[in-house]
Amino acid sequence: RVGHERVRAARRVADDHVQLVVGRAAGAAADVLVLGIEGSANKIGVGVVNGNGDILSNPRRTYVTPPGEGFQPRHTAVHHREHVVQLVRDALREAAVRPSQLSAIAYTKGPGMGAPLLVGALVARTLALLWRVPLVGVNHCVGHIEMGRVVTGAHNPVILYVSGGNTQVIAYAQQRYQIFGESIDIAVGNTLDRFARQVNISNDPAPGYNIEQYAKRGTKFVELPYVVKGMDVSFSGILSAVRELARTKIPSGELTAEDLCYSLQETVFAMLVEITERAMAHVGSNEVLIVGGVGCNLRLQEMMAQMAAERGGKLYATDARYCIDNGAMIAWAGLLEHRSGRHTPLERATVTQRFRTDQVDVQWRRNDGSDVFVTATAATAATAAVVAAAATAAT
């Protein structure tokens with residue numbers, strides 16, 4: 001009985017201490033507020049986050065073109081200019097935050113389409129001057145990664161980043177997000193988008209989403225080029241093949257658009273799962289995180305989860321709120337940069353269409369992969385370990 005009482009007392013003391021530390025950290029972190037602006041492609045979004053990783057607001061608007069058409073940079077930029085100011089107002093109102101409370105303004109520096117990127121940069125520079133707060137230029141890809149990590153709680157996963165403009169398999173090492181493999185031609189999202197245009201699939205809400213729905217109704221699997229070169233993939237050949245099949249086999253009635261969407265999805269996703277599994281084996285990780293717009297696809301998540309489970313691992317994924325381009329992901333990555341003491345001088349607050357993931361010095365993570373700045377959520381999760389250690393010591 002005495003032993004049990006000592007254990008319970010030790011647990012109470014340890015728990016009270018950790019909760020006190022967590023409470024103080026959470027309070028201080030909540031005072032750090034960053035507004036982020038994302039506009040690298042056809043979505044313009046503005047988000048506000050705090051230092052605890054809480055997403056206080058995240059409104060966005062999407063430029064949607066008619067079926068069979070893509071979005072051109074100049075038209076996309078016009079769309080962004082029409083909506084961005086109202087989105088800033090909406091983000092502040094939803095977050096119940098005043099401009100005077102902001103610690104920094106973050107914006108997407110790149111990569112992306114030039115004209116749309118410039119809209120976000122111009123607004124960010126203007127707001128930083130008006131509100132007299134620091135400016136932080138953010139790498140779009142790193143924004144996706146950090147948003148995925150904070151939302152899912154993944155610790156140090158292998159990352160599959162799949163979107164309209166990027167296809168990369170990434171792992172963290174030595175304060176860089178190292179690229180283990182990537183597409184050597186076009187991105188997987190661009191492959192899906194271009195095929196959607198070929199068969200006149202709607203762009204609303206997104207061509208990739210509609211291809212996913214078509215694929216569910218497919219009944220015939222057609223073998224397509226499967227091109228994996230070591231850790232890299234190639235999608236240009238498969239796109240050419242499936243477009244030719246659409247041109248010749250759909251009119252003849254031999255195949256349907258649904259059959260081709262099904263075959264295309266299964267093939268490109270199998271390629272992505274293969275190179276991701278190889279990266280997991282190489283770095284010895286049992287976690288995989290999918291980020292980017294294509295990461296919303298439930299079939300891709302299903303295939304990746306099965307592979308991870310067979311390895312005794314776990315899949316981390318998000319839904320459309322966070323895997324699709326959004327302002328909160330830029331705000332969160334900008335907040336991490338801000339906490340690391342890095343800001344972008346006004347004269348260097350430009351944009352670039354080419355800005356690789358592995359060019360960013362990730363100062364907010366240590367060499368062992370742990371985070372320098374622990375969110376309140378992560379700190380709370382650590383409470384159990386501290387309490388257990390105290391109980392063990394008491395025995």
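These legends describe close-up views of a predicted model.

**View 1**
The protein has 12 helices and 13 strands. Of its 395 residues, 52% count as buried. Among contacts between residues at least 6 apart in sequence, 76% join residues at least 24 apart.

**View 2**
Strand E5 (residues 104-110) and strand E6 run parallel and are joined by five bridges. Within this pair, Ile105 stands opposite Leu135 in E6. E5, helix H3 (residues 114-131) and E6 together make a right-handed β-α-β unit. The loop between E5 and H3 contains Pro111. A cis peptide bond joins Gly110 and Pro111, with omega about -5°. The phi of Arg132 is near 55°, a positive value in a residue other than glycine. Arg132 is exposed, with a relative accessible area of 77%.

**View 1. Strand E6 is mostly covered.**
Strand E6 spans residues 135-139, and five of its five residues are buried. In a regular strand the side chains alternate between the two faces of the sheet. In E6, Leu135, Gly137 and Asn139 point one way. Val136 and Val138 point the other way, and all of these residues are buried.

Strand E12 (residues 287-291) pairs with E13 in the parallel sense over three bridges. In that pair, Val288 stands opposite Leu315 in E13.

**View 2. Helix H2 has a kink.**
Helix H2 covers residues 73-95, and its kink of about 40° is centred on His83. An α-helix has 3.6 residues a turn, so residues three or four places apart point the same way. The buried residues of H2 include Thr76, His80, Val84, Leu87 and Ala91. The buried residues of this helix pack against strand E1 (33-38), strand E2 (43-50), strand E3 (55-57), strand E4 (60-62) and H3.

His75 is found in helix H2. At 36% relative accessibility, His75 counts as partly exposed. The C-alpha atoms of His75 and Thr65 are separated by 9.8 Å, and the two residues are 10 residues apart along the chain. Asp90 is also found in H2. At 7% relative accessibility, Asp90 counts as buried, because buried means under 20%. Leaving aside residues up to four places away in sequence, Asp90 touches Pro59 and Arg61. Just after H2, Ala96 takes a positive phi of about 55°. Ala96 belongs to the loop between H2 and E5. At 64% relative accessibility, Ala96 counts as exposed.

**View 3. Cys296 and Cys323 form a disulfide.**
The structure holds one disulfide. The sulfur atoms of Cys296 and Cys323 are 1.9 Å apart. The torsion about their S-S bond is about 80°, so the disulfide is right-handed. Cys296 lies in the loop between E12 and helix H9 (298-310), and Cys323 lies in helix H10 (residues 320-323), so the pair ties together parts that are 27 residues apart in sequence. Both Cys296 and Cys323 are buried. Two further cysteines can be looked up in the model: Cys141 is buried, with a relative accessible area of 1%, and Cys261 counts as buried at 0% relative accessibility.

**View 4. A cis peptide bond lies between Asp204 and Pro205.**
The peptide bond from Asp204 to Pro205 is cis, with omega near 0°. Pro205 lies in the loop between helix H5 (188-198) and helix H6 (207-216).

Notes
Residues are numbered from 1 along each chain as its sequence is written. This is a predicted model: local features need pLDDT of at least 70, side-chain atom pairs count only at pLDDT 80 or more; totals for chains, interfaces and linings use all residues. Side-chain values use heavy atoms; hydrogens and water are left out. Buried means under 20% relative accessible area, exposed over 50%, partly exposed in between (1.4 Å probe, protein chains only). Helices (H or I, at least four residues) and strands (E, at least two) are DSSP runs, numbered from the N terminus. Two strands pair if DSSP finds at least two bridges between them. A crossover is right-handed if, with the strands pointing away from the viewer, the path from the first strand over the helix to the second runs clockwise. The bend at a residue is the angle between axes fitted to the seven residues ending there and the seven starting there. Contact means heavy atoms within 4.5 Å. A disulfide is a pair of cysteine sulfur atoms within 2.5 Å.
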